[in-house]
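Welcome to my notebook. I wanted to know how two chains meet, and these are my entries.

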Amino acid sequence: ITCLVMYLFAEFDDAANLLAANPDATTISIDEPVEIPKNQHSRLQEPGREEDDELLGTDDSDKTELLAGQKKSAPFWTFEYYQTFFDVDTYQVLDRIKGSVFPVPGKNFVRLYIRSNPDLYGPFWICATLVFTIAVSGNLSNFFIHLGKPTYHYVPEFRKVSIAATTIYAYAWLVPLALWGFLMWRNSKVMNIVSYSFLEIVCVYGYSLFIYIPTAMLWIIPQKVVRWVLVVFSLCLSGSVLVMTFWPAVRDDNRRIAVATVATILLLHALLAVGCLAYFFDAPELDIPAPIIPAHNSTNKVVLEQ
Amino acid sequence: FPGLADVSISQDIPVEGEITVPVGSHSPDEDYSTLDEPVKDTIMRDLKAVGKKFVHVMYPRKSSALLRDWDLWGPLVLCVSLALMLQGGSADSKDDGGPQFAEVFVIIWFGAVVITLNSKLLGGTISFFQSLCVLGYCVMPLTVAMLVCRLVLLAGAGTVSFIIRLIVVGAMFGWSTLASTAFLADSQPPNRKALVVYPIFLFYFVISWMILTFTPQ
């Protein structure tokens, strides 16, 4: 596979050299018109569902399993195939981030912002930023909490970066995979109007993690109340984005299963936040301005353990 | 020769003249003659190329020399020296300490590869190894910062030394990011420049963090 990858890079080098020699040459990517099949599909539905279609996502994507829409026509072993997942401009990424932080009630994140152009740039780099933000903030917070104690020796705790990376990337990729598999399975049993492609689910999850970045930075403040308020606040914001995205996809199903699915999504999201807070950030000490007693006699120990 | 007996030549015609092969000017590459040169010349040529690139990083201008003749010697030397200088940090048996040699190596090279892939996937026109070369060479200010930090830490590890280290590392981080952006930004599509610059920022930030949090035993 390394040889294949090097061959691909060599090929791309030639193309890049050509482009570098003629920098005015523009590369045009031709999008196949995806609007037409969407309209055809919606006309086939019951008239009562049309208003839902305004709010809900596109549903032509269940034809192409892992691909979103018909525009990914390059074979998967070429570089161009993967370039289609990075076909976003700066303002589009910023818009999607804004949409994940300020959820508009009633509007669907996928329909409003992704619009059949899911990208992998946002999820990947938001996860990378989150990994390093949590590791750095945790380290800083522990440093400030334990500052001044004579027995404390600062360590950079670099192992925690790899643990953070594993956790966050696993969450951002395995949970969407499980959710997508579950939705596909339910789609085969119950005719759902809305279904999302795998990449769209990865996109929603990736962008919904953005709110945790400023939250992690604010977690440096060593106050328990502040931290938990931040957890609840960020959970509400990103949880609402997820709920508004996935509720239309499951509400045609059995009531209990729909509620259970949405509850599981929220629970996993909460677990991630709480788990990161508990593992990377030491608990702030109580604010007792007492001098450190050098001798520990047994009565003191008993008092402390209570 | 029996066949030639039939050729009728009335008399011997003297053939004379000059055969001159036009010798063009020596090609500037002289690729084929480098086998005969002394080893010192070969090594000095590569060393001079590497040194010229270091100077380009020190005073970043939009020059194409760094991009055209890429080499990975400089990045390798910088990466190894940075990883070596980050050794000897505090590593208690209970807590984990700073990054190990392999971790620094992997972070720098894997990070550079990921950033290069990212820039190419977004439609950049720079070649893979050119981008690796630029990102590697722009680690030089941070290596200098690491050297300064170690020297400052020899003097003491108090608050004053931390402030000095913070200023030095911060300045070098800015320099690295600006230098690499100056070289790489032109090859990106104009409406995606920020998308390409941000990972470079993150990369040098992580390296700066590793340098700043280095505490000796």
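I began with the contact between the chains, keeping in mind that this is a predicted model. I found that 32 residues of chain A and 39 residues of chain B take part in the contact.

Next I looked up the area. About 3,200 Å² is buried between chain A and chain B, and carbon and sulfur atoms give 66% of that area.

Between chain A and chain B I counted 3 salt bridges. I noted one between B:Arg192 and A:Asp87, whose closest N and O atoms are 2.8 Å apart.

Which elements of chain A give two or more residues to the side that touches chain B? I wrote down α1 (2-21), α4 (79-83), α5 (90-101), α7 (121-145) and α8 (159-189). The largest share, 9 residues, comes from α7(A). Sorted by class, this side of chain A has 21 nonpolar, 5 polar and 6 charged residues.

My last stop was the largest nonpolar core, with 114 residues. The members that touch the most others are A:Tyr205, A:Leu209, A:Phe246, B:Tyr204 and B:Ile207. Helix α8 (residues 193-212) of chain B gives this core its largest share, 11 residues. I followed A:Phe246 beyond its neighbours within four places in sequence, and its contacts there include A:Leu179, A:Tyr196, A:Tyr205 and A:Ile265.

How values were computed. Residues numbered from 1 in each chain as written. Chains lettered and ligands numbered in written order. Predicted model: local features only at pLDDT ≥ 70, side-chain atom pairs only at ≥ 80, totals over all residues. Heavy atoms only, no water. Contact = heavy atoms within 4.5 Å. Buried area = accessible area lost by both parts, 1.4 Å probe. Salt bridge = Lys/Arg side-chain N within 4 Å of Asp/Glu carboxyl O. Helix = DSSP H or I, 4+ residues; strand = E, 2+ residues; numbered from the N terminus. Nonpolar A, V, L, I, M, F, W, Y, C, P; charged D, E, K, R; others polar. Core = buried A, V, L, I, M, F, W, Y, C linked by side-chain atoms within 4.5 Å. Buried < 20%, exposed > 50% of the residue type's maximum accessible area, 1.4 Å probe, protein only.
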